[in-house]
Amino acid sequence: MTKTKLTRLKIKEQVLTDILKVFALVEKTIMTSVLIMLVFVLMSKVSLVNGFFGWEVLSGLVGYLAVTTKRMYYDEALSELIINSEVDRDVLVCAMLSIGYSEKEIDVYVSKKNFSFFFCCKSEAIAYIPQKEAVVFTGPYDKLLKLSRVYNELR
């Protein structure tokens with residue numbers, strides 16, 4: 001029977017491994033704050049509100065930041081999936097395509113949908129690392145969980 005083990009890296013390890021993820025969070029926060037301010041300015045121009053309310057913008061931004069940080073560093077945390085058996089490459093490619101990943105380099109699969117608009121974070125890619133008695137995948141937790149399920153179904 002094939003044993004699989006999926007573990008999340010701690011936040012400190014995630015930041016040290018992929019510093020661009022912090023910049024992606026800053027980039028998304030700035031873009032969102034601009035969009036929230038534009039919505040409130042537009043609402044003010046259309047007379048839906050009596051003036052520009054800074055506290056509403058700030059509370060919307062804090063809520064967005066909390067949800068996005070949780071998603072980035074918990075749901076999509078940099079993780080390791082260890083499979084204690086040989087992996088069939090054809091089944092692996094089909095499984096990767098079914099979860100929305102395609103091979104960019106040898107043994108590195110990337111998603112078509114990235115978190116950042118300007119760059120691709122290392123933690124968003126899934127790397128396939130064959131070892132002596134096991135196969136190790138590194139990538140986002142939720143995608144590795146989905147990959148494990150799809151791969152077991154296709155096998």
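1. The crossing of helices α4 and α5 is right-handed; a crossing takes that name if the near helix is turned clockwise from the far one by less than a right angle, and is left-handed if anticlockwise. Helix α4 covers residues 89-98 and helix α5 residues 141-154, and their axes come within 9 Å and cross at roughly 135°. That makes α4 oblique to α5, given that angles under 35 degrees count as roughly parallel, over 145 as roughly antiparallel, 65 to 115 as roughly perpendicular and the rest as oblique. Axes here are lines fitted to C-alpha atoms, for helices over the stretch in contact, with angles from 0 to 180 degrees between N-to-C directions. Helices (H or I, at least four residues) and strands (E, at least two) are DSSP runs, numbered from the N terminus.

2. The model is predicted: local features need pLDDT of at least 70, side-chain atom pairs count only at pLDDT 80 or more, and totals for chains, interfaces and linings use all residues. Residues are numbered from 1 along each chain as its sequence is written, and side-chain values use heavy atoms, with hydrogens and water left out.

3. On the α4 side of the helix contact stand Val91, Leu92, Cys94, Ala95, Met96 and Ser98, which meet Leu147, Val150, Tyr151 and Leu154 of α5; contact means heavy atoms within 4.5 Å. The residues of this contact divide into nine nonpolar, one polar and no charged. In this division Ala, Val, Leu, Ile, Met, Phe, Trp, Tyr, Cys and Pro count as nonpolar, Asp, Glu, Lys and Arg as charged, and the others, Gly among them, as polar.

4. The six strands form an open sheet in the order β1-β2-β6-β5-β4-β3, with antiparallel pairing; two strands pair if DSSP finds at least two bridges between them. At the edges are β1 (4-8) and β3 (101-105), each of which pairs on one side only. Neighbouring strands are turned against each other by 25° on average, direction ignored. Helix α5 lies across β1, β2, β3, β5 (126-130) and β6, and runs at about 135° to β6.

5. Strand β6 (residues 135-140) runs antiparallel to strand β2 (residues 78-83), and six bridges join the two. Within this pairing, Ser79 stands opposite Gly139 and Ile83 opposite Val135. With β5, strand β6 forms a hairpin that has four residues between the strands. The antiparallel pairing of β5 and β6 extends over four bridges, and Phe137 in β6 is the bridge partner of Tyr128. Six of the six residues of β6 are buried, so this strand is largely enclosed by the rest of the structure. Buried means under 20% relative accessible area, exposed over 50%, and partly exposed in between (1.4 Å probe, protein chains only).

6. Ser111 belongs to strand β4 (residues 108-111). Ser111 is buried, with a relative accessible area of 16%. Leaving aside residues up to four places away in sequence, Ser111 touches Gly100 and Tyr101.
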